[in-house]
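The entries below follow the order in which I looked things up.

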Amino acid sequence: MQELIEPMLTGKPYPIKGLVSAGTNLFHAIPRVDRTKQALENLDFFMAIDILPQEYTQWADVILPEASYLERYDELLTVSHKTPFITFREPAIKPLYDAKPGWWIARELGVRLGLEQYFPWKTIEEYLDYRLASIGSSLEDAHQRGVYIQKGRPYLADYEKRNQSPPFNTPSGKIEIYLQRFADHGLDPIPQYEPIEEPPKGYFRLIFGRAPVHSFSRTQNNAYLSHIMPENEVWLNAGKAAEVGVQDGDRVILENQAGVKSQPIKVKVTQRIRGDVVYMVHGFGHRAPGMKLADGKGASDSELLSEYKIDPVCGAAGLRVNFVKIRKLGAVS
Amino acid sequence: MSRYGMLIDVDKCLGCHACTVTCQQRWDLKPDVTFTKVREVEFGQFPDAQVAFIPTQCMHCDEPPCVEVCPSGASYKTDAGPVLIDESQCVGCRYCISACPYDARTYNEEQKIVQKCQFCFDRLEKGEKPACVVTCIGGARVFGDLDDPKSEISKAIRERNALPIKGTSFQYALPKNVDRKLIPQDFKAPEYVTWWKNVIQPGGKLLMGGAVGAIAISALRHLVSSGHGKPDSDKKEGETDGDRQS
């Protein structure tokens, strides 16, 4: 997604002038939040579809409230690993207020855009029933079962016994850790460690992660979860805390290498982290008045991700490449 | 006869609080009221620092102090083990809250009664396990009949070298590095509960009984002396009423 932001600003390789964002928290899920905001301002049209009034929705021309997973059917989830299974999602209650399921929003928009022919089924129940018929099942059956599990799959030995080629779709037929294909193209066939940039003096590498109580940036407003964990904290090595001059529970501002400042965040002085990094749980620092419990609690890690690095071979984004200074609240400069 | 108990495997708890919330949902509790709690404890020094998550709740004690002190009999111990509260009998005096050595009871401000973990006794009756056990994603909770050597919990206690919390229905399986002091201690009735049970309450009953007895005797004497004009046999020979000191 972050790679679609650039064309919204530069128009290269081609301009993107309209955006429909469904279930993507644009200011929490993507690094370089400043850039995202600039990009949105550059669009001709922006529609947000979300289950919560997250802060980015306030930037949209049109907001469509989506029903949560408890209020809707969804596409089947099919997984074909060693124990294949199909899971079925059905609503526990009817959607509250004006919220609509994602499938309904997609179909209704499609119909209005003259694309009705691509939505031959009128309801998702019809669609699911049709799809399940292909495995000799039905929507009614799915209501009873909830999950379809296929018993086991042959181990490798069974493939060999049957003189069948192994199920790995690689040139060697084996699980490849050393990749000859890479070597053939002048790339390291097995990853070599390259030392990474160290934090400048006085800075810590910012790393972020998850707590089991919350999910992404979408549960901070839940009354029960918010009570257990109302805010995130910045973890700081106990030895370093004395150097920085902060104590457990102090509120500080984090300022990154590009001068971006975070919202105030509580310090957690701990032995459970090394001295050259600081850590915070992702998903806090909401500034969304519609989310009364989450609004103003903790700080956003995403806002501090002014930099990210792209792996040259596989294109994956590395986000833990930002550095922060700890500023005590009320400190000058 | 079953004797229900629970094993908490500290090594498997990851502090997700699914148990906390599932319990709140099924017993309709407010976010700030919990029947089961999960505590995070850090120990050790970098680079060998560690963390443990310790779930605790009502220990369903063998000789519950909360039952001893309950004036209305609302709190009671069942034969199968769970300590329950008959909410219709609870007067909300909260003596049980002070008596509990494990801080397991909560006061419901709206209904003005005391509530706590009930081992989901209604589910037990249907052969189901408590909600916290079913929902635990780490497999940190095992529940069942402690008196059945073949039960899942009896097996788990043996396999995981669990420590019994003496005097309660709980066992804890501790990883090597976690100090015994971090989990609930063996049952010990609070001092004053013993005094209450053995001295004050019976003493009070005795006093009350004595007061009732004294009133009864006095009433009888008045009844006898006012109606029948019996000779005053206490008078000594030659004495007049005015001479006697009462």
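How many helices and strands does the secondary structure of chain B come to? I find 7 helices and 10 strands in chain B, taking helices (H or I, at least four residues) and strands (E, at least two) as DSSP runs numbered from the N terminus.

**Basis.** I work from a predicted model, in which local features need pLDDT of at least 70 and side-chain atom pairs count only at pLDDT 80 or more, while totals for chains, interfaces and linings use all residues. Residues are numbered from 1 along each chain as its sequence is written, chains are lettered from A and ligands numbered from 1 in the order in which they are written, and side-chain values use heavy atoms, with hydrogens and water left out.

**Overall form of chain B.** I looked up the radius of gyration (over C-alpha atoms) and the globule rule (2.2 Å times the number of residues to the power 0.38). Chain B is more spread out than a compact globule, because its radius of gyration is 28 Å, well over the 18 Å that the rule gives for 246 residues. I note that the C-alpha trace spans about 100 × 40 × 40 Å along its principal axes.

I then took burial, where buried means under 20% relative accessible area, exposed over 50% and partly exposed in between (1.4 Å probe, protein chains only). Of the 246 residues of chain B, 39% are buried. For contacts (heavy atoms within 4.5 Å), I counted those in chain B between residues at least 6 apart in sequence, and 55% of them join residues at least 24 apart.

**Aromatic pairs.** I paired rings of Phe, Tyr and Trp (its six-membered ring) with centres within 6.5 Å, calling planes under 30 degrees apart stacked, over 60 edge-to-face and the rest tilted. The count is 10 aromatic pairs over all chains. One of them is edge-to-face, Phe119(A) with Trp121(A), at 6.2 Å centre to centre and 75 degrees between the planes. Both Phe119(A) and Trp121(A) are buried.

Tyr4(B) and Phe143(B) are stacked, at 5.5 Å centre to centre and 20 degrees between the planes. This pair links distant parts of the chain, 139 residues apart: Tyr4(B) lies in strand E1 (residues 4–9) and Phe143(B) in strand E8 (residues 141–145) of chain B.
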